[in-house]
2 protein chains.
Amino acid sequence: MTSAPGESSRVTISDIAERAGVSIGAVSFALNGRKGVSETTRERVLRIADDLGWAPASAARSLAESRTETFGMVLARDPGNLSVESFYMQFLAGLESELGQRGYGLLLQVVSSREDELATLQKWRRSRRVDGVLLMDVTIDDPRVTLLSQPGSLPAIVVGDPSVAGNLSCVWTDDAKSMRDAVRYLADLGHTAIARVGGLPHFAHTRIRDDAFMSEMRQRGLDPTLLRTDYTAAEGARATRDALGAGVAPTAFVYDNDIMTVAGLSVAMELGRRVPDDLSLIAWDDSVLCEHTFPQLTALSHDVVAFGAHVARRLFGVVDGAPRGEHKDSTPLLRPRASTAPRKAADY
Amino acid sequence: MTSAPGESSRVTISDIAERAGVSIGAVSFALNGRKGVSETTRERVLRIADDLGWAPASAARSLAESRTETFGMVLARDPGNLSVESFYMQFLAGLESELGQRGYGLLLQVVSSREDELATLQKWRRSRRVDGVLLMDVTIDDPRVTLLSQPGSLPAIVVGDPSVAGNLSCVWTDDAKSMRDAVRYLADLGHTAIARVGGLPHFAHTRIRDDAFMSEMRQRGLDPTLLRTDYTAAEGARATRDALGAGVAPTAFVYDNDIMTVAGLSVAMELGRRVPDDLSLIAWDDSVLCEHTFPQLTALSHDVVAFGAHVARRLFGVVDGAPRGEHKDSTPLLRPRASTAPRKAADY
């Protein structure tokens, strides 16, 4: 018996058996909570195991218990793009807060294509690397949803709308309502020409926001402009510049993330348009960045850290056999700040 | 034999044996590359295994090979804080680009204290959860470095200065040189009162930047102001406001991250100070955000995605038994943009 806490070699159950003066079998029974040892022996063995800093090898334990204590998340995104938005880091922080409490880790894999993402999910299933997975950026007819809906698949939760979750449980936000709120708010300020600077069109949440924007604008007899970007600041700047150069330029913009709104604000300043006097800007999602621009940005505010934690809790539920559920998270709320104002009288 | 690719139940080696018409032992020999089967049988077994979508359970394979194909990273940070900076997301993206190529995943755990971080590292070692770990935000006399320097510890790489890496390999950037470059650049523009808005003082890189800033300023007979923050935008704004309210206010600021610089720029605008006419601002690190403010921010530019990839490669080296090394990454370079200008003549 040479191992002790802090020493380099791993403590084995024979070390514990030797110290406790019992058989290896008895130690095994005691550690696994099985019958065959007295309560006194069990307690002594557990105390010694604890003293020695023993922990089951996770690989061996995983085989026995079929739990890896790990959730998996694959992101098919360009690494350069991923680093731009505050959404993912906040979401990860929220996930981690819940996982950490239960001793779970998050296995994160960034891949360059949807095909690689499918292959990773299949590999994880076959090799039992994770207990469950999260699906982000869900598309219409998403092949990952099809894959993970098959019986015997990895437990999964869709982070997205029920309409694209298939047979899987999902956690979703009512983006359509938030978008209609934003349009109504700007319309009430007198704006009639409003632009939406939207994200990638194959994402379901982009489509849902698009539809809500267009239907709310048309219902009010307003003049909608729908601009496409890849979520980058450069595209946000380009879209803003294009729109402001148009014949009838919008007097208000709703952006699909914070960084594009900052870029739009800078373009406005560069072109000599005052925010909010000449132009009103709204960011989605709200972030620390939105509070530290000048002027501060009006934003659709969603607690993304809490959202991440909610998703983690629901995935634990799925792993534990909860029935399919459509779990609605809080609806992003419009938080008016200094980047929105009534449309100037001169424009009427 | 009922399992086939896409079906729910796992393919086992008995399925392969049945299909191939050989013994389970022969399949095992073939799959593990051991002698005892003919080359023809080996090829047939491998083809059938492939057809059936067989993959070794990672838990079983890990026990055999002692490789988890996972690197670990623990971050002792407040989740709210973590989401603010673009550094981590860029760094993760770089890591992932290298890990993905080799089929490795990153096990990420965010904890609330340094004690929990140590406990997580010890748990990972005991339970063989990862092949190696990265140490971020290294402090003077970092207990993690002590822990991981013990023989038999997890392979580890320090992301930080050789002076705090102990016996461990490290990947570092010459922050002192970059800081001296920034001071020299501002001094050449005529600035004499310069403020550094620095991060958390217990991090080694903060101390190194502090020392370089103070020594370069004193050497030039200039007037240094050293301001402390926790890296948040709110603290960046507060520090800027405090400094600008002082008797002899600085005419130039060097900030320890991008978001604090944006916050400082907004404070300047709010107070009616023009950037760069009245005030010069420098951000560290450079980011997409720095290119999309108005004016664009002069910044110390470091390819953080490439830095993350470099760290991953060095950790693979450590795992493969490379001797201790102090690997210097590229030095952050000053990239002048529109937020710095000569000090106004009136100030002289």
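Q: Why does Arg128(A) count as partly exposed?
A: Its relative accessibility is 40%. Buried means under 20% relative accessible area, exposed means over 50%, and partly exposed is in between, using a 1.4 Å probe and protein chains only. So Arg128(A), at 40%, counts as partly exposed. Bear in mind that this is a predicted model, where local features need pLDDT of at least 70, side-chain atom pairs count only at pLDDT 80 or more, and totals for chains, interfaces and linings use all residues. Residues are numbered from 1 along each chain as its sequence is written, chains are lettered from A and ligands numbered from 1 in the order in which they are written, and side-chain values use heavy atoms, with hydrogens and water left out.

Q: What makes the phi of Arg128(A) worth a look?
A: Phi is near 55 degrees, a positive value in a residue other than glycine. You'll find Arg128(A) in the loop between helix H7 (114-127) and strand E3 (132-135) of chain A.

Q: What about Arg128(B): which accessibility class does it fall in?
A: Arg128(B) has 41% relative accessibility, so it counts as partly exposed. Its phi is positive too, about 50 degrees, although Arg128(B) is not a glycine. Its place is in the loop between H7 (114-127) and E3 (132-135) of chain B.

Q: How many helices and strands does chain A have, and what makes a stretch count as one?
A: Chain A comes to 14 helices and 12 strands. Both are DSSP runs numbered from the N terminus: helices are H or I with at least four residues, strands are E with at least two.

Q: Which residues of helix H1 in chain A are buried, and what covers them?
A: In H1(A), residues 13-20, the buried ones are Asp15(A), Ile16(A), Ala17(A) and Ala20(A). Their cover includes helix H2 (24-31) and helix H3 (39-51) of chain A.

Q: Why is H1(B) called roughly perpendicular to H2(B)?
A: Helix H1 (13-20) and helix H2 (24-31) of chain B pack at about 105 degrees, their axes 8 Å apart. Axes are lines fitted to C-alpha atoms, for helices over the stretch in contact, and angles run from 0 to 180 degrees between N-to-C directions. Under 35 degrees is roughly parallel, over 145 roughly antiparallel, 65 to 115 roughly perpendicular, and the rest oblique. That makes H1(B) roughly perpendicular to H2(B).

Q: Which residues meet there?
A: Ile13(B), Ser14(B), Ile16(B) and Ala17(B) of H1(B) meet Ile24(B), Val27(B), Ser28(B) and Leu31(B) of H2(B). Contact here means heavy atoms within 4.5 Å.

Q: What makes E7 and E12 of chain B edge strands?
A: Six strands form an open, mixed sheet in the order E7-E6-E8-E9-E10-E12 (chain B). Strand E7 (223-228) and strand E12 (333-335) of chain B each pair on one side only, and that puts them at the edges. From one strand to the next, the twist averages 20 degrees.

Q: How do you know that E6(B) and E7(B) pair?
A: Two strands pair if DSSP finds at least two bridges between them. Strand E6 (193-198) of chain B and E7(B) have six bridges, in the parallel sense.
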